[in-house]
Amino acid sequence: MKILTYNVNGIRSAISKGWLAWLQATDADVVCLQEIKATPDVLTDLGLVDQMGYQHYWFPAEKKGYSGTAIFTKILPKHIEYGCGIPDFDREGRCIRVDFDEVSVMSVYFPSGSSGDERQVFKYRFLDEFGKYLTLLKVEYPNLVVCGDYNICHRPIDIHNPKSNANSSGFLPEEREWMENFIEGGFIDTFRHVNKEPHNYTWWSFRAGARGKNLGWRIDYAMASTPLEDKIRRAAILPEAKHSDHCPVLLELEF
C-alpha cells in the first residue's frame with residue numbers, strides 16, 4: 001500500500017501548478033491532503049480524479065478558504081470517519097479517517113500557533129485533547145497510520161536553525177515534548193525509522209529563497225502505530241514536488 005501525505009496549501013492553487021499530473025504519475029493507493037481550503041463543489045477538475053480511479057472523501061472547514069482535510073483512495077474503505085467528535089476541531093476540518101481491512105489511515109492538519117498567543121493556546125488544547133483521542137483510537141484500531149501536517153519539528157535535526165528558532169511556534173519545548181510522548185506512546189516516525197540524515201525538510205518559508213537554500217522545517221509526518229513496524233517497506237520525503245510551500249511524504253506498507 002502506497003500512502004502519500006501532502007499539505008497542498010490550497011488544492012485549487014496546487015492544481016494550477018500541475019498537481020493533478022503529478023498525482024497521476026505517483027500512482028499512490030491512498031493520498032492524505034491537508035489545508036485543502038476548498039469544498040469539492042467548487043472544483044472543476046474532480047472528473048480527472050475519478051478517471052484516475054480514486055474515491056475521494058472531503059472534510060472542509062466551515063470557514064471558507066481555510067484549513068480542511070481530504071483523502072483520495074483507490075482502495076474502497078470499509079468506513080469513513082469525518083472528524084474526531086470534538087466540535088472546535090471538527091469545525092475547522094482537522095481530521096478524516098478511512099478504515100481498510102489491514103489498516104486505518106488518517107489525514108490530520110494540526111493547528112499552527114504562529115499567528116499569535118490565542119492560536120498557540122488553541123494548538124496546545126488540540127495536542128492535549130486530540131492526543132487523548134488518538135490514544136483511545138489506537139486501542140480500537142491497532143493498525144493505524146496518522147498522516148499529516150503536525151506543525152511541529154520533533155528534534156534539532158528536523159529544523160535548519162534550531163538555536164534561532166528555540167522560541168518559535170512549531171519548535172517550542174512543550175510541542176517537542178508532546179511529539180516525544182506521542183512516539184513513545186506507540187507510534188513510529190516512519191521517515192526517521194529509515195533515514196537518520198540531517199537536512200531533510202517538508203516545509204520552507206516563501207521568504208528569502210528558503211526552499212532554494214533548503215532552509216526548512218520537517219513538520220509533515222506519516223506516523224505508523226508500532227504493530228505496523230514490520231510492514232514498513234519504504235518511507236521518503238519528496239521535495240521535488242513543488243505545488244505548495246510543503247512537499248509530500250511517502251510511506252509504503254506491505255501486507
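How many nonpolar, polar and charged residues are in the lining of the largest pocket?

1. The lining has eleven nonpolar, 14 polar and eight charged residues. Here Ala, Val, Leu, Ile, Met, Phe, Trp, Tyr, Cys and Pro count as nonpolar, Asp, Glu, Lys and Arg as charged, and the others, Gly among them, as polar.

2. This is a predicted model, in which local features need pLDDT of at least 70, side-chain atom pairs count only at pLDDT 80 or more, and totals for chains, interfaces and linings use all residues. Residues are numbered from 1 along each chain as its sequence is written, and side-chain values use heavy atoms, with hydrogens and water left out.

3. The largest pocket holds about 760 Å³ of space. A pocket is an open set of points on a 1 Å grid over the protein atoms alone, where a 1.4 Å probe fits, with protein on both sides within 12 Å along at least five of seven lines; lining residues have an atom within 4 Å of a point. A volume is the space filled by probe spheres set on the points, which are joined across faces, edges and corners.

4. Of the 33 residues that line the largest pocket, Ser-112, Ser-114, Asn-151, Trp-203 and Asp-245 lie nearest its centre. Both α5 and β10 (203-204) supply at least two lining residues each. Helices (H or I, at least four residues) and strands (E, at least two) are DSSP runs, numbered from the N terminus.

5. The second largest pocket has a volume of about 190 Å³. Its lining includes His-154, Asp-158 and Arg-218. Strand β9 gives the largest share, three residues.
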